[in-house]
Amino acid sequence: MSGRYLLGFDVGSSSVKASLVDSDSGVCVASAFYPEKEAPIIAVKSGWAEQDPQMWWDNAKLSLKKVMADSSVKGEDIKAIGISYQMHGLVCVDKNQNVLRPSIIWCDSRAVPYGEKAFENIGPKECLGHLLNSPGNFTASKLAWVKENEPQLFEKIYKIMLPGDYIAMKLSGTINTTISGLSEGMLWDFKNKKVAKFLLDYFGFDESLIADIVPTFSVQSEVSEAAANELGLKAGTPISYRAGDQPNNALSLNVFNPGEIASTAGTSGVVYGVLGEANYDIKSRVNTFAHVNYQKDMERLGVLLCINGTGILNAWMRRNVAPEGISYSDMNDMMASVPVGSDGITIIPFGNGAERVLENKEIGCSIHGVNFNKHGKAHLMRAAQEGIVFSFCYGMEVMQQMGMDIHKIHAGKANMFLSELFRNTLAGVSGATIELYETDGSVGAAKGAGMGCGIYKDHDEAFATLKKLAVIEPDEKRRAEYLQAYSLWKETLLQQINH
């Protein structure tokens with residue numbers, strides 16, 4: 001080991017994870033996350049979701065303390081810090097850097113009417129042409145809710161920031177943000193390459209609320225004396241990278257260039273692809289943000305597709321359909337006995353709320369084509385996994401319509417990607433090669449910090465040690481079967497949408 005380490009934080013809504021990476025070998029020497037049980041989300045009213053930013057900081061400190069103890073790494077050996085964070089959250093601070101209210105986090109839906117009204121009043125053409133999205137339920141719309149509903153508190157706001165900006169502030173005493181961060185809040189104008197003043201003016205926000213902008217990969221700030229004493233770090237240690245969790249997940253999987261795709265398939269599923277020119281979906285079925293390597297003179301956009309009903313459907317099948325006590329691995333073995341297309345059963349997997357890819361329609365989960373004389377549990381379980389894959393491919397068609405050439409999908413070997421059936425079906429329908437890697441968000445943030453402070457000259461050097469676990473090529477002999485099953489699924493979906 002080199003004695004030079006990189007520290008990465010991943011600030012999620014369920015926990016904060018810290019990882020220490022040896023900068024020369026690329027090996028993660030220690031990881032820890034807190035709390036060990038899922039962090040609380042405050043829901044004062046239906047549709048609300050808030051968290052206390054101090055809780056993130058407390059859990060970051062606990063995670064750091066554990067990894068330093070487990071690894072025996074000293075503060076002076078940590079050469080740079082990177083931060084990944086839950087996207088779209090709103091943190092408001094006063095001039096003394098005191099938090100004024102709990103953070104309104106990504107899954108809070110109270111701001112939807114504010115974003116919809118802005119989209120209508122400003123005009124879809126103007127919003128999509130400049131923001132590449134509708135203002136929707138993003139950070140700017142959340143601030144509009146605060147302005148209208150908590151006017152006295154709004155008057156005290158000195159700066160607004162994202163969850164990652166807050167952690168950087170606690171480490172350094174400096175408030176700043178990135179273009180990528182502003183874009184996820186609908187605060188970046190892609191056409192004019194500056195803060196989206198037209199949206200600020202519409203909502204009545206002063207531009208002084210926006211923090212100073214720093215490059216994603218750069219010495220953004222340095223650990224303060226106060227934080228160094230509190231955390232056991234060295235004062236002056238650079239904070240040299242930050243990004244939202246989905247752009248950072250793509251970075252963790254070495255996804256930087258047009259046509260490359262990063263995917264996750266946990267409770268919900270994400271397909272995140274890189275586009276080389278500014279574009280948008282006219283129906284806002286996917287979202288477009290500045291990717292980690294976006295520059296004013298080099299368009300690198302991350303197009304984000306989210307499917308709510310992913311692992312949650314597979315877990316539902318395990319609880320309610322599979323034989324009692326069966327493991328996911330045994331479920332996958334059972335499904336393997338059923339042919340592609342599940343002998344005609346089709347499952348529409350949208351039972352976890354409204355889906356943006358369906359233009360925010362809530363059509364639920366439905367099962368079609370069951371024959372009592374030939375179908376059993378294995379057919380239902382396979383149809384569920386196929387339905388999840390088909391929903392991914394349906395969204396990927398929108399991305400292709402935007403000009404994205406999808407030829408390779410990078411994913412961590414976790415969650416639904418542990419299923420051979422899931423992987424083969426995704427490769428078979430999409431025609432893309434799937435590469436599985438061993439990594440996570442906090443490790444990616446650490447390597448991003450190495451790029452930002454100059455330890456690595458570029459992403460190829462930073463991710464040269466990324467461990468590839470498997471490669472899944474499309475089975476050309478069975479391609480027609482996969483496409484036929486997908487065609488039947490899509491036909492059924494359209495019937496449900498138009499019902």
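## Aromatic residues of helix α17

Tyr486 and Trp489 both belong to helix α17, three residues apart, about one turn of the helix; helices (H or I, at least four residues) are DSSP runs numbered from the N terminus. Their rings are stacked, because the centres lie 6.1 Å apart and the planes meet at 20 degrees. Rings of Phe, Tyr and Trp (its six-membered ring) pair if their centres lie within 6.5 Å, with planes under 30 degrees apart counted as stacked, over 60 as edge-to-face and the rest as tilted.

Tyr486 is buried at 6% relative accessibility, and Trp489 is buried at 1%. Buried denotes under 20% relative accessible area (1.4 Å probe, protein chains only).

## Basis of the model

The model is predicted: local features need pLDDT of at least 70, side-chain atom pairs count only at pLDDT 80 or more, and totals for chains, interfaces and linings use all residues. Residues are numbered from 1 along each chain as its sequence is written, and side-chain values use heavy atoms, leaving out hydrogens and water.

## Aromatic pairs and cluster

The whole structure contains 16 aromatic pairs. One of them, Tyr394 with Trp489, is edge-to-face, at 6.2 Å centre to centre and 70 degrees between the planes. This pair links distant parts of the chain, since Tyr394 lies in helix α13 (residues 377-401) and Trp489 in helix α17 (residues 479-497), 95 residues apart. Tyr394 is buried at 13% relative accessibility.

Ring pairs join Phe350, Phe390, Tyr394, Tyr486 and Trp489 into a cluster.

## Charges over rings

The charged end of Arg110 sits over the ring of Trp48, 3.7 Å from its centre. Arg318 likewise places its charged end over the ring of Tyr328, 4.5 Å from the ring centre. The criterion is NZ of Lys or CZ of Arg within 6 Å of the ring centre and within 35 degrees of the ring normal.

Note on methods
Helix = DSSP H or I, 4+ residues; strand = E, 2+ residues; numbered from the N terminus. Buried < 20%, exposed > 50% of the residue type's maximum accessible area, 1.4 Å probe, protein only.
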